Each structure stands twice: as C-alpha cells, then as structure tokens.
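Here are some notes for a first look at this structure. Please read them with the model open beside you.

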Amino acid sequence: MALPLPLPEAAAVLAALAAALLLLLICVIAHVTARKMPTLHRHEEEKFFVNAEGGKEPVPSIHDPPTRELSVVVPSYNEEDRLPLMMDEALNYLEKRQKRDLSFTYEVIVVDDGSKDQTTKGVFSSRGKKILMADADGATKFEDIEKVEEGLKTLQPWPNQMAISCGSRAHLEKDSIAKRSYFRTLLMYGFHFLVWFLCVKEIRDTQCGFKLLTREAALRTFSTLHIERWAFDVELLYIAQHLRIPIAEVAVNWTEIEGSKLVPFWSWLQMGRDLLFIRLRYMTGAWQLETRKCN
C-alpha cells in the first residue's frame with residue numbers, strides 16, 4: 001500500500017506540475033498565435049524611384065548583383081527633429097570618403113517608418129556589397145563605420161560570403177548605470193539576462209542600431225525575420241547564430257540623444273515577451289529558417 005507523501009513533498013510535486021502545465025500552455029499559445037511570415041508586397045508607386053537626373057528607374061533588388069560598395073539603411077519614424085542632423089553627419093563623411101577614394105560608391109535609403117517590414121523593404125532594395133543599418137537619431141558617430149568595417153575584416157574568410165559586425169555600447173555600461181535610476185538599471189539587467197538566456201549568447205549589446213552586414217548575410221537574415229519593432233535586432237542575431245554566420249562585436253562611440261520612442265517599462269515588457277516568443281516559436285517549429293522575396 002502506497003503511503004501518502006508528506007505535505008511539503010506533495011506541495012513541491014504540485015508546484016512542479018503547475019509549472020510544467022504553465023510552460024506547456026505558454027508553448028501552445030506561442031505556437032497557435034504565431035503569424036506566418038508574410039510576403040512583402042510593394043505598391044505600384046514603390047516599384048520605381050526618381051534618380052538624380054529626374055528619370056524613373058525600377059527599384060533595385062538585393063537578389064541582383066551589387067552596384068555600390070555601401071548601402072546605408074536608416075529606419076525613420078517621426079524623426080523630423082533628429083534625422084537631418086544624422087543625415088548631415090553621414091553625408092559629410094560619405095562625400096569626403098568618396099573624394100579620397102574614387103572607387104567608393106554609396107547610397108542612403110531612408111525608410112519612411114520604423115517597422116520591421118518597411119526596414120526589410122529598404123534592405124531588399126539595397127545595391128551595396130555591404131549594408132549598414134544606422135539609427136536615425138545619430139547616437140553613434142557615423143565615422144565609426146570604419147570600426148565595424150574592420151570588425152568584418154577580422155572575420156575573413158567569410159563562409160558563403162556572410163558576416164555581420166555589430167556596433168556595441170557594452171564598454172559604456174558602467175557610465176550608463178551611474179546615470180540611470182535603479183529601476184531602469186534593473187530593467188536593463190533583466191533584459192540582458194533574457195537575451196542571453198533565451199536567444200543570443202555571444203553578443204553583449206544586441207540593441208545598438210549600428211550594424212554592418214555583407215550583402216549575402218543581409219539577404220539570408222532579413223529574409224527570415226518575423227518580429228516587429230524593438231526586438232527584431234535580437235531575432236536577426238538569433239537567426240545569424242543558428243545559420244553559423246560569424247558575428248563581430250565592436251566598441252563604438254555613442255551618445256544618448258533626446259527624443260527616443262522607447263517607453264522604458266512598457267517597451268521592455270513587450271521586448272521580454274518577444275524574446276520568449278522568439279525562442280518558443282522556433283523551438284516548436286511555428287517559425288522556421290525559411291526565406292522570402294519582396295514582390
């Protein structure tokens with residue numbers, strides 16, 4: 001005859017069962033609510049652009065051979081105050097570099113809102129051998145592109161011509177903690193732990209908006225993205241790690257610029273949810289490392 005479990009052991013068993021059921025429920029919810037990767041559709045007016053001579057040309061495709069050395073993609077959402085300063089700095093640097101090196105060619109693509117789908121369209125329209133993702137706030141000095149370019153070089157030879165170099169603010173963490181409230185510091189550490197525990201192990205700063213990708217790496221990773229808004233950087237690097245794309249993390253100069261659209265508590269709560277769903281949806285097969293095209 002089986003003896004009943006002592007009360008503390010029975011409580012522990014019930015707690016473990018409840019935790020297992022809760023995890024199973026979360027997995028089911030994550031799987032059922034997962035949206036399939038949509039086909040990016042261009043409206044008719046998005047299929048052409050007006051060139052410098054005033055002529056109408058078809059919008060390029062990342063599937064075509066590159067015709068520029070560098071594409072700079074700038075996601076912009078209500079950035080009428082910060083974008084002009086960033087663009088002045090970027091164009092000033094790019095024009096000076098082109099004068100020094102006549103073989104250097106570039107383009108700047110400003111995405112008209114900050115959503116992931118629109119940013120992906122910008123990347124898919126790039127003509128560069130390398131593609132730089134740069135935030136519109138100009139928090140990172142644009143000349144630090146040379147640092148992330150050097151980061152790419154350290155990864156050579158690139159497997160299948162794929163590599164990513166991420167600008168990083170991790171070296172500034174101690175200074176930032178001194179300036180933040182205890183609550184924001186706690187949120188920051190919590191977010192970093194979730195990124196490390198659930199998604200990306202090797203990169204300390206996944207959120208710095210200054211990332212340089214080879215054309216092949218951009219095509220492969222952006223073709224697979226699902227997450228919108230703030231956590232899409234994490235999914236990008238999660239995909240890259242699973243595809244064994246080499247990633248460099250390079251310290252860059254960074255200054256906090258007023259006007260951020262990030263609302264600390266609610267935005268980080270949303271990002272925490274997205275991190276959990278990234279892990280669970282790939283783990284359960286709701287999302288897969290498939291590719292798509294922009295029609």
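1. Start with Pro157. It sits in the loop between helix H4 (145-154) and strand S6 (164-168). This is a predicted model, so treat the points below as computed from it. The peptide bond from Gln156 to Pro157 is cis, and its omega is near 0°.

2. Is Gln161 buried, exposed or partly exposed? Gln161 has a relative accessible area of 44%, so it counts as partly exposed.

3. Now move to Arg244. This residue is placed in the loop between H8 and strand S8 (247-251). Arg244 counts as exposed because its relative accessibility is 73%, and the cut-off for exposed is over 50%.

4. Next, the aromatic rings. How many aromatic pairs are there? The count comes to eight. One of them joins Phe193 and Trp196. Their ring centres are 6.2 Å apart, with 35° between the planes, and the pair is tilted. Both residues belong to helix H6 (residues 182-199). They are three residues apart, about one turn of the helix.

5. Phe193 has a relative accessible area of 47%, so it is partly exposed. Trp196 has 43%, so it is partly exposed.

6. Another tilted pair is formed by Tyr238 and Tyr282. Here the centres are 5.2 Å apart and the planes make an angle of 35°. Which parts of the chain does this pair link? Tyr238 is in helix H8 (residues 232-242), while Tyr282 is in helix H9 (residues 264-283). The two residues are 44 apart, and the pair links distant parts of the chain. Both Tyr238 and Tyr282 are buried.

7. There is also an aromatic cluster to find. Tyr93, Phe142 and Phe210 form one.

8. Last, check charges over rings. Lys56 lies over the face of Phe48, at 5.0 Å from the ring centre. Arg169 lies over the face of Trp254, and the distance to the ring centre is 5.1 Å.

Terms used
Residues numbered from 1 in each chain as written. Predicted model: local features only at pLDDT ≥ 70, side-chain atom pairs only at ≥ 80, totals over all residues. Heavy atoms only, no water. Phe/Tyr/Trp six-rings, centres within 6.5 Å; stacked < 30°, edge-to-face > 60°. Helix = DSSP H or I, 4+ residues; strand = E, 2+ residues; numbered from the N terminus. Buried < 20%, exposed > 50% of the residue type's maximum accessible area, 1.4 Å probe, protein only. Lys NZ or Arg CZ within 6 Å of the ring centre and 35° of its normal.
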